[in-house]
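Subject: Structure handover

Hi,

Here is the structure I promised to pass on. Please open it and keep it beside this email as you read.

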Amino acid sequence: MNLSRSPFGGRNFENFGEDPFLTGTMATSYIKGVQSQGVDACMKHYLANDMETRRFNMDEQIDEQILRELYLQPFQIAPKADQWTAMTAYPKINGEHADTSKFLVTDILREDWGFNGIIMNDWGGLNETVKSIRVGINLEMPSPPISCLALLEAVRSGAVSEKDDVDPAVKYLLRTLARSGLLSGLPNGVSTQEKTDAEVNRRIHEAEEPMGKEEFRATARQVATSGIVLLKNNSGLVPLEPTTIPRLAIIGLNANSPTTGGTGNAIVNPYYATTPYDSICEAANHYIRT
């Protein structure tokens, strides 16, 4: 749900674009669809996780008007979907990491917008045990954990209140487990006490319909081609007419080795992929010398 405002954003391929309203609107529908199946859809990364270089500790100076009109807007729209979880980002915003920011987590996300789900940090992105749980971080994601013993010591010393800080975090965790059916067994009568994990996974996979159908591929291709915008077409160069082209050069490594998507958490292996070279050859319907 971050904005693709710079080509240097390492996770731009996962975003919905550079428009905050469009991003928030599309994310809301996405969240509703996923959570309707009993699966959590975590809105992230809150906030301004738009650059790759030094993203763990860079300090982004953003005035409040721009913060609200651009960077916060997608996250302000999405709570209409009643999402279960949110994840804070790595960078500092105006001198403070998001996971320790009372302004971002407590004042805006919890109080202004009424968000009532789990707020977690990104992997390895918890920066201070006491401050993070006091502003409202309920779940520390791993690699490496820093809060386990530190939180226990903070409770014992009185720096963290069990009633005001720890109990609310546990409440949000239990509520999310209940929402996903994990406190009372899986849907359709599959109980974790009655079935092994292997059996549960088998039934889930059997219930899933294969998605690599020809009609789905045709729809995806139509959507992709319909979204292409031609900015300039000097002398009516395109579309190319194969019968009038004696020779066509296809230049570049990606002609035969296309990049079909990004990597990391959002990697998706397509059911099939075509290369520019093969597709042009097919369209030309005759031999093209390379």
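This is a predicted model: local features need pLDDT of at least 70, side-chain atom pairs count only at pLDDT 80 or more; totals for chains, interfaces and linings use all residues.

**The pocket.** The largest pocket has a volume of about 900 Å³. Its lining counts 27 residues. Nearest the centre are Glu14, Asn15, Phe16, Tyr30 and Ala266. Helix H1 (20-35) gives the largest share of the lining, four residues. Strand E1 (43-46) supplies at least two. By type, the lining has 12 nonpolar, eight polar and seven charged residues.

**The sheet.** Three strands form an open sheet in the order E2-E4-E5, with mixed pairing. E2 (59-60) and E5 (96-97) are the edge strands, and each pairs on one side only. E2 and E4 (residues 92-93) run parallel and are joined by two bridges. Look for aspartate 59: its bridge partner in E4 is lysine 92.

**The rings.** There are four aromatic pairs in the structure. Take tyrosine 46 and phenylalanine 75. Their ring centres are 5.4 Å apart and their planes stand at 75 degrees, over the 60 that edge-to-face requires, so the pair is edge-to-face. Tyrosine 46 sits in strand E1 and phenylalanine 75 in helix H3 (residues 73-77), so this pair links distant parts of the chain, 29 residues apart. Both residues are buried. Ring pairs also join Tyr46 and Phe75 with Trp113 in a cluster.

**Charges over a ring.** Arginine 110 lies over its face, 3.9 Å from the ring centre. The charged end of lysine 171 also sits over the ring of tyrosine 172, at 4.7 Å from the centre.

Best wishes

Definitions and conventions:
Residues are numbered from 1 along each chain as its sequence is written. Side-chain values use heavy atoms; hydrogens and water are left out. On a 1 Å grid over the protein atoms alone, a cavity is a set of points where a 1.4 Å probe fits but cannot get out, and a pocket is an open set with protein on both sides within 12 Å along at least five of seven lines; lining residues have an atom within 4 Å of a point. Grid points are joined across faces, edges and corners, and a volume is the space filled by probe spheres set on the points. Ala, Val, Leu, Ile, Met, Phe, Trp, Tyr, Cys and Pro count as nonpolar, Asp, Glu, Lys and Arg as charged, and the others, Gly among them, as polar. Two strands pair if DSSP finds at least two bridges between them. Rings of Phe, Tyr and Trp (its six-membered ring) pair if their centres lie within 6.5 Å; planes under 30 degrees apart count as stacked, over 60 as edge-to-face and the rest as tilted. Buried means under 20% relative accessible area, exposed over 50%, partly exposed in between (1.4 Å probe, protein chains only). A charge sits over a ring if NZ of Lys or CZ of Arg is within 6 Å of the ring centre and within 35 degrees of the ring normal.
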